[in-house]
Amino acid sequence: LEKKIPEDQHLLRERIQKDVELINSAIKVVHRISSELRPGVLDYLGFTSAVEWQVKEFARRTGIECDITIDKKTTQLDKDSAIALFRILQETLNNIGRHAEASKITVSVADTGNIRTLTVTDNGKGIKDEHISDYHSYGILGMKERAESIGGDIHLKGIPGKGTTVTVSVPIIKSMSARTGE
C-alpha cells in the first residue's frame, strides 16, 4: 500500500507508517502473551527449563536481579502439575513486578521425597497480611486455587521492609510417559 501512494502524499504515507508500527506492536504483544500462557519450553524441555526461562525473561523485562537454584535431582512433573505450578510462578513474578518494589529475587525448585517445592523470595516492601487474605486479591486467590487443584498448598509471608516469600508445595505425580520411560 505504501508503495502505491504517490510521493507527494506525505500525510497519508506517515499515517500508513504509524499504522504498520501499531500492527507490529500488537503482534509482539500477542506473541508475548501467548508465550507466557503456555511457553513451548514447558512442553519440550520440561518444568525446570521453563522456570529458568521465565525468571530470566522477568529479569530482562524488569531489571530486577534474579538468582535461580534448581535441585539437579528434580523429577518430571505430570502435565497438570507443571502447568499449575508454572502459572503460580508467573503470577508471583507479576505481583513482584507490580507491587513489591524489589531489587532482587531468588527462585528455588527442590524435590523432597514426593513433594516439589517452589520458593520465590523478594527483597521488596513485604506483603501485608490483610492483602494475603483479601478476597479482592484475585491473583493470590488464583494461585491458591491452582495449588489446591493439584493437591498442593501455598504460603505467603511478608515482612515489612524486608520482602515477601511465596512457598508452593505440590505432590509429585509422575506422568504416564515418565513412569514408563517414554
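**View 1. Strands β2 and β3 in a predicted model.** I105 stands opposite D122 in β3, where strands, like helices, are DSSP runs numbered from the N terminus (E over at least two residues for strands, H or I over at least four for helices). Strand β2 (residues 104-112) and strand β3 (residues 115-122) pair in the antiparallel sense over eight bridges, pairing being taken to require that DSSP finds at least two bridges between two strands. The model is predicted, so that local features need pLDDT of at least 70 and side-chain atom pairs count only at pLDDT 80 or more, while totals for chains, interfaces and linings use all residues. Residues are numbered from 1 along each chain as its sequence is written, and side-chain values use heavy atoms, with hydrogens and water left out.

View 2. Five strands, in the order β1-β2-β3-β5-β4, make up an open sheet with mixed pairing. The edges are taken by β1 (65-70) and β4 (153-159), each of which has a single partner strand, so one side of each is left without a neighbour in the sheet. On average, and with direction ignored, neighbouring strands of this sheet are turned by 10° against each other; angles in these legends run from 0 to 180 degrees between N-to-C directions, along axes that are lines fitted to C-alpha atoms, for helices over the stretch in contact. Helix α3 packs on the sheet and touches β1, β2 and β3, and its direction makes about 170° with that of β1. Helix α4 also packs on the sheet, touching β2, β3, β4 and β5 (163-171), and its direction makes about 10° with that of β3. Contact here means heavy atoms within 4.5 Å.

**View 3. Strand β1 beside strand β2.** The strands β1 and β2 run parallel and are joined by six bridges, and the bridge partner of E65 in β2 is K104.

**View 4. Helix α3 against helix α4.** The axes of α3 (residues 47-62) and α4 (residues 79-100) come within 11 Å and cross at roughly 15°. That makes α3 roughly parallel to α4, a description used for angles under 35 degrees, whereas those over 145 count as roughly antiparallel, 65 to 115 as roughly perpendicular and the rest as oblique. From α3, F47, A50, V51, W53, Q54, V55 and F58 meet A82, L85, F86, L89, Q90, L93, I96 and G97 of α4. The residues of this contact divide into 12 nonpolar, three polar and no charged, with Ala, Val, Leu, Ile, Met, Phe, Trp, Tyr, Cys and Pro counted as nonpolar, Asp, Glu, Lys and Arg as charged, and the others, Gly among them, as polar.

**View 5. Helix α4 against helix α6.** Helix α6 (residues 138-149) packs with α4 at an angle of about 160°, the axes being 9 Å apart, and α4 and α6 are therefore roughly antiparallel to each other. A84, R87, I88, E91, T92 and N95 of α4 make the contact with G139, I140, M143, R146 and A147 of α6. The residues of this contact divide into five nonpolar, three polar and three charged.

**View 6. The surroundings of T48.** T48 has its place in helix α3, and, leaving aside its neighbours within four places in sequence, T48 is in contact with I70 and T74. From C-alpha to C-alpha, T48 and D71 are 9.1 Å apart in space, although 23 residues apart in sequence.
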